[in-house]
Amino acid sequence: MVSDKFMVNSDAGRMAAAKFAADNYAWHAGLDKRDALRLNLLVEETLGMVKAMVDDFYGRLWFSGDDSACEIHLEATANMDSGRKQ
């Protein structure tokens, strides 16, 4: 199963939309409450780490999986100077 792709960025509103996307995927995939919470936490931590590294970013987030695994996909773009890249 593959979810729709959702636009995300460093804005708090789009971060909340990512949580909604994770909840929606969890429901459609039939994840139990514990696994849905894990998915939400992983999405929150992933976006938080990206924001901490690059400050301002934008990209797409989606989920895929089957009965044995769930994957979080994030494609992001950020403007960075050479110092930030290192």
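Reply: Start with a definition: buried means under 20% relative accessible area, exposed means over 50%, and partly exposed lies in between (1.4 Å probe, protein chains only). The model is predicted, so to speak of local features requires pLDDT of at least 70, and side-chain atom pairs count only at pLDDT 80 or more, while totals for chains, interfaces and linings use all residues. Residues are numbered from 1 along each chain as its sequence is written, and side-chain values use heavy atoms, with hydrogens and water left out.

Take Asn40 as the entry point. Asn40 belongs to helix 2. Helices (H or I, at least four residues) and strands (E, at least two) are DSSP runs, numbered from the N terminus. Asn40 counts as buried because its relative accessible area is 12%. Its side chain makes a polar contact of 2.6 Å with the side chain of Asp23. A polar contact is a pair of N or O atoms within 3.5 Å; within protein, one must be able to donate a hydrogen and the other to accept it, and residues adjacent in sequence count only if both atoms are side-chain atoms. Asn40 also touches Lys19 and Ala22, with neighbours within four places in sequence left aside. Contact means heavy atoms within 4.5 Å.

Three strands form an open sheet, ordered 1-2-3, with antiparallel pairing. Strands pair if DSSP finds at least two bridges between them. Strand 1 (6-9) and strand 3 (70-77) are the edges, each pairing on one side only. From one strand to the next, the twist averages 30°. Axes are lines fitted to C-alpha atoms, for helices over the stretch in contact, and angles run from 0 to 180 degrees between N-to-C directions. Strand 2 (residues 58-65) and strand 3 run antiparallel and are joined by eight bridges. Across that pair, Phe63 faces Ile72 in strand 3. Helix 2 (residues 33-54) packs on the sheet. This helix touches strand 1, strand 2 and strand 3, and its direction makes about 20° with that of strand 3.

Follow strand 2 to Ser64, which lies in that strand. Ser64 is buried, because its relative accessible area is 10%. A polar contact of 2.8 Å links its side chain to that of His73. Beyond four places in sequence, Ser64 touches residues including Met1, Val2, Tyr25, Ala69 and Cys70. Glu71 and His73 are also among its contacts.

Asp55 sits in the loop between helix 2 and strand 2. Its phi is near 65°, a positive value in a residue other than glycine. Asp55 is partly exposed, because its relative accessible area is 43%.

The charged end of Lys5 sits over the ring of Trp62, 4.1 Å from the ring centre. A charge sits over a ring if NZ of Lys or CZ of Arg is within 6 Å of the ring centre and within 35 degrees of the ring normal.

Finally, the setting. The protein has three helices and three strands. Along the sequence the pattern is β-α-α-β-β-α. The C-alpha trace spans about 45 × 25 × 20 Å along its principal axes. Of the 86 residues, 28% are buried. Among contacts with a separation of 6 or more, 56% join residues 24 or more positions apart.
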